[in-house]
Amino acid sequence: MKTIFLDRDGVITVEGGGYVSCPADVRYLPGALGAIARLNKAGWQVVIYTNQSGVGRGYITPEGLAAVHKKLLSDTNIAGGTILAIYVCPHKPDDYCTCRKPLPGMLLQAAEEHSLDLSLAWAAGDTARDIAAASVAGTRTALLLSGHTRAYEASTFGEPRPTIVCADLPSLVDYLVTTQS
Ligand SMILES: [Zn+2]
């Protein structure tokens, strides 16, 4: 089984407009849930790794976050896909935890709990933090231009650089299912 880690905001859901604190706030990017289903059909298991400092800052309740993720899992199922697990860092930057991206804690925990070989895995995100966390953990990385990072910024992206740059999750899946089978 191949594994891909996906950041949430800017990869699956729309980034921007504040914290997603309840299910009614969830807006999916075009084709994102279908792309997860296509990954599953091509033999990939999908793991989410997401920073949600709004929890630590008090803008999102743990119950609200759980409801958002219940909706995400349910809507993914309706689209024909499954998500193996969702890893969340709920901390603020000044909590100095080991799970907040750009640290690799969430990927390392997932690898341990699901016996994943990170050197065979991929990770996709829309920010330098997503790419850095996954690079340190040892996966290949895809920078997606569907969130924070604009196309003109991709060419001047700092270290560590992503393995590839794609417009969005459906484009990445096109690439993976044709080249990583
Ligand atoms: Zn954390």
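**Helix H7 and the fold around it**

Q: What makes Leu169, Leu172, Val173 and Leu176 the buried residues of helix H7 (residues 169–179)?
A: Buried here is a matter of counting: a residue gets that label if 20 or more other C-beta atoms, placed from the backbone, lie within 10 Å of its own; it is exposed at 12 or fewer, and partly exposed in between. In H7, Leu169, Leu172, Val173 and Leu176 are the ones that come out buried.

Q: How do you know that they sit on the same side of H7?
A: They cover an arc of only 100° around the axis, so they share a side. The arc is taken from the directions running from the helix axis to the C-beta atoms.

By the way, this is a predicted model: local features need pLDDT of at least 70, side-chain atom pairs count only at pLDDT 80 or more, and totals for chains, interfaces and linings use all residues. Residues are numbered from 1 along each chain as its sequence is written.

Q: Which exposed residues does the face turned away from the buried side of H7 carry?
A: Tyr175, Thr178 and Thr179.

Q: What do the buried residues of H7 pack against?
A: Helix H1 (32–41), plus strands S4 (122–125), S5 (140–144) and S6 (164–166). A contact means two C-beta atoms, placed from the backbone, within 7 Å.

Q: How many helices and strands does the chain have?
A: Seven helices and six strands, where helices (H or I, at least four residues) and strands (E, at least two) are DSSP runs numbered from the N terminus.
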